[in-house]
Amino acid sequence: MLRSRKHEWRRADLRSFEEAAGKLIVGLDFPDAEQARKLLKELEGIPCYMKVGLQLFYAAGPELIRELKQRGYSVFLDVKMHDIPNTVKGGANSVTKLGVDLFNVHAAGGLDMMKAAKEGALAAVEADPTLTMPKIIAVTQLTSTSKQVMNEQIGVPGEVEASVVHYADLARSAGLDGVVASPLEVTAIKEKCGQAFLTVTPGIRPANSPKGDQTRTLTPGEAMAQGTDYIVVARPIIAAPNPREAAETIIKEMM
């Protein structure tokens with residue numbers, strides 16, 4: 001289990017702090033496991049999710065996922081599966097066996113592909129009762145995607161929000177648990193798919209923080225006010241001079 005360091009949470013109510021921390025997903029956007037472990041040491045005792053993306057998963061592999069689970073973290077494996085249904089089914093089966101709590105596929109892969117992801121995960125759980133069914137979510141439009149890029153380069157016409165809501169409804173029809181989307185689209189997604197349909201929102205930037213390559217962003221507090229279920233934050237924490245202080249500040253803004 002995570003070792004509690006309550007004295008460092010200062011004035012924040014412990015229960016509220018822990019509840020908010022559980023909705024924070026910290027992006028371990030590092031090139032190797034050692035740098036990730038350094039951040040884990042600095043954030044020790046904060047019961048947040050940890051996200052392993054393509055760069056780190058390619059470098060550190062399944063062993064890091066097992067390590068994170070042994071440390072007591074909930075893990076979001078952010079590999080954005082997008083392939084023919086049978087391949088995605090196999091990938092979903094494999095990552096479910098790793099014990100991840102959350103993973104994603106691209107909604108643009110279509111209804112059959114998303115259904116296959118769920119089938120693969122279910123097959124893993126049915127074969128091994130010690131496993132827990134992970135939440136499966138679909139990527140709608142990346143938070144770095146502007147209307148111009150979506151229309152002119154990706155070839156999807158119309159407004160970004162309309163595309164996001166369409167993909168969200170498709171993911172719901174496939175039996176998935178939610179979507180990855182900008183916090184700006186949370187209200188529309190919940191109206192279309194229901195309040196229980198999960199929204200995981202990257203592109204979160206604290207006040208006065210550089211946007212970087214994100215185009216559709218809100219602050220942590222604004223995102224929570226929109227009703228999102230989880231926020232994903234990487235650079236504002238991992239690149240901060242004091243990552244623990246940065247994480248605590250974000251969590252308190254979420255409360």
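**Surface, fold and core**

Student: What is the accessible surface of the chain, and what share of it belongs to carbon and sulfur atoms?

Tutor: This is a predicted model, where local features need pLDDT of at least 70, side-chain atom pairs count only at pLDDT 80 or more, and totals for chains, interfaces and linings use all residues. Residues are numbered from 1 along each chain as its sequence is written, and side-chain values use heavy atoms, with hydrogens and water left out. Accessible areas come from the Shrake-Rupley method with a 1.4 Å probe, and for residues only the protein chains shown count as cover. The surface comes to about 11,900 Å², and the share of carbon and sulfur atoms is 50%.

Student: What radius of gyration does the chain have, and why does it agree with a compact globule?

Tutor: The radius is taken over C-alpha atoms, and the globule rule is 2.2 Å times the number of residues to the power 0.38. For 255 residues a compact globule would have a value near 18 Å, and the chain agrees because it has 18 Å.

Student: How many helices and strands does the chain have?

Tutor: Both are DSSP runs numbered from the N terminus: helices are H or I with at least four residues, strands are E with at least two. The chain has 12 helices and 8 strands.

Student: What percentage of the residues is buried?

Tutor: Buried means under 20% relative accessible area, exposed over 50%, and partly exposed in between (1.4 Å probe, protein chains only). Out of 255 residues, the buried share is 52%.

Student: Which residues have the most contacts inside the largest nonpolar core?

Tutor: A nonpolar core is a set of buried Ala, Val, Leu, Ile, Met, Phe, Trp, Tyr and Cys residues joined through side-chain atoms within 4.5 Å. The largest one has 67 residues, and those with the most contacts inside it are L24, F103 and V105. Its largest share, 6 residues, comes from helix 8. A separate second core of 11 residues includes I25, L102, L198 and Y230.

Student: Which residues of helix 9 are buried?

Tutor: Their cover includes helix 8 (160-173), strand 6 (178-180) and strand 7 (198-201). After helix 9 comes G194, with a positive phi near 100 degrees. Within helix 9 (residues 186-193), the buried ones are V186, A188, I189, K190 and C193.

Student: Is N93 buried or exposed?

Tutor: N93 is part of helix 5 (residues 85-98). Contact means heavy atoms within 4.5 Å, and beyond four places in sequence N93 is in contact with G120, A121, A123 and A124. Its relative accessible area is 16%, so N93 is buried.

Student: What phi does K80 have?

Tutor: K80 lies in strand 3 (residues 75-81) and is partly exposed, with a relative accessible area of 26%. Not counting residues up to four places away in sequence, K80 touches N104, V105, H106, V139 and L142. K80 is not a glycine, yet its phi is positive, about 50 degrees.
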